[in-house]
Amino acid sequence: MNILDYVIIAIYLSGVIIIGLRCKSKTQTTSDYIVAGRKMGLSIFIGTYMATSIGGGVLNGWIGTVYESGFALLPSMFAIYIATILIGLFLAERVNLFSGLTAPEVLGQAYGKSAQAYGGFCSFLYLLGTGPALQTVTFATVINVVTGLPFVYGAVFSTIVILLFTYFSGFWGVAVTDYVQFIIMGLGVAAAAFYVFKNVGGWDGIVTTVPHNHLTIPSDMTTIIRLIFTTSLSAFIDGNRYQRFYACKDAKTAKKGTLLSIIPAHTFFMMILLLGTCAYVLLPNITPDSVFSTLLLQYLPTGLRGIVFAALLAAILSTSDSYLLVAATNFSNDIYKNLMNPSADDKTMLRITKRTTLVLGISGLAMALWMQSIMSIWNLAAAAYIGGCFIPMLYAFFSKKGKKSSLAANISMIVGSVTAIIIEIQGASIFGLPGAAVGTLLNFILFFGITALDKKASSRSLTDIK
């Protein structure tokens, strides 16, 4: 790295932090802090939606996956397209009209306080893993590649910056900086893809060097199913996306923005496949999580390298603070106010949410130092949330006059999430299915089986749960 690159990185990161902190003046209430006062327009929505969906963790993790496993991600990418279309057409407007603060509030309205609390706990774990923990691993890896500093130093520095930024700025700061970083990150990744593609010798260089089996979809269905559950099905109940739907000024903005996001998402996916494949040729025998950073370090010119690295680090930070904020809201809204202090006023809720961000940041650091693998953290976090909440949450949104059973929701969520976590931790599979799939299947069987037998179940439609 040239001194100019370091100067650019320092200036860029300082600017992002200043922009975020200037948004503090817009944060006067809990609604301002968590959902930007429900005033978000289309362009800001698309920017923050994409910056969070495809942040530093996705870039580093997915490029490393392509480098290591070839086109194993292709089924997941197609599943994301389908999921995004379905969410845009059928879910985004419903979530916006629900006007909550968290995703598990849906469970609370449909099945009762205990269901909301446990759903909040599962969402809390998911966001802790995919936010502070996963992004801390990514940030520390980038710092290690660029400067040679030990992983733990980068992890601690990342945590400190994330906590300071999130604590003071809230969602307005997150959204505005996401918007800026999404634009710069897109241009930076495109530039990186151009230079790397040129250095590998174009398509001829790829075809003549990369083995055929690396350019085909692997036949390991367990891996494919795990990736689909981790990267696409989680989008249907992802509290981070729900937060953005809640923050939109109206339902049309949520719907239109979600559908339009497919265009930049597809562009990023193609560049991810290209960068990971080129890295297979240019960087033999390297740790997957450090592939993207090493490509930037070795193949981008001075100046541009600093800009892209700065944007990458900023994207990592913005993704992490967004997930951190939603996870803190899971505790303050779904657990604290729901069970511990139902009469908590706005001032108390704002204080509890801010304090929880501090605890979560430290917890994310501990999780990152324990696992130190992007995809491992992502798989475990997604298994807990999907296995527990996917079935009952979507049923609550889309059932018309269907019976809602609190007993069924609570039992199925506990069994589904615990089963998924145990299988993932043990690295096992049942009938070729990963933990998230097994947990979801058990959840489905128990949820509908108990609902059919529960005489206390009530019939409520979405219009009744606003």
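How many aromatic pairs does the structure hold? The count comes to 23 aromatic pairs, where rings of Phe, Tyr and Trp (its six-membered ring) pair if their centres lie within 6.5 Å.

1. On the basis of the model. This is a predicted model, in which local features need pLDDT of at least 70 and side-chain atom pairs count only at pLDDT 80 or more, whereas totals for chains, interfaces and linings use all residues. Residues are numbered from 1 along each chain as its sequence is written, and side-chain values use heavy atoms, with hydrogens and water left out.

2. On the aromatic pairs. F447 and F448 form an edge-to-face pair, 5.0 Å centre to centre with 85 degrees between the planes; planes over 60 degrees apart count as edge-to-face, those under 30 as stacked and the rest as tilted. F447 is buried at a relative accessible area of 0%, whereas F448 is partly exposed at 31% (buried is under 20% relative accessible area, exposed over 50% and partly exposed in between, with a 1.4 Å probe and protein chains only). Elsewhere, ring pairs join F45, Y49, F98, Y242, F245, Y246 and F397 into a cluster.

3. On helix 19. Helix 19, residues 435-453, has 19 residues and reaches 27 Å from its first C-alpha to its last, close to the 27 Å expected at 1.5 Å a residue; the expected span is 1.5 Å times one less than the number of residues. Helices here are DSSP runs (H or I, at least four residues), numbered from the N terminus. The buried residues of helix 19 include G435, A436, N443, F447, I450 and T451.

4. On the largest cavity. There are 5 cavities of 30 Å³ or more, a cavity being a set of points, on a 1 Å grid over the protein atoms alone, where a 1.4 Å probe fits but cannot get out. The largest cavity has a volume of about 350 Å³, a volume being the space filled by probe spheres set on the points, which are joined across faces, edges and corners. Of the 32 residues that line the largest cavity, S53, I54, V58, T231 and R241 are the closest to its centre (lining residues have an atom within 4 Å of a point). Helix 5 gives the most to this lining, with 5 residues, and the lining of the largest cavity divides into 17 nonpolar, 13 polar and 2 charged residues. In this division Ala, Val, Leu, Ile, Met, Phe, Trp, Tyr, Cys and Pro count as nonpolar, Asp, Glu, Lys and Arg as charged, and the others, Gly among them, as polar.

5. On the second largest pocket. About 180 Å³ of space lies in the second largest pocket, where a pocket is an open set with protein on both sides within 12 Å along at least five of seven lines. Its lining has 13 residues, with Y6, I9, I143, T147 and L313 nearest the centre, and helix 7 supplies the largest share, 5 residues. By class, the lining of the second largest pocket holds 12 nonpolar residues, 1 polar and no charged.

6. T253, found in helix 12 (residues 251-260), is buried at a relative accessible area of 7%. Leaving aside neighbours within four places in sequence, T253 is in contact (heavy atoms within 4.5 Å) with M40, G41, L42, F45 and C248. L59 lies in helix 4 and is buried at 0%; not counting residues up to four places away in sequence, L59 touches I54, M185, V189, F268, I272, F292 and L312.

Key:
Helix = DSSP H or I, 4+ residues; strand = E, 2+ residues; numbered from the N terminus.
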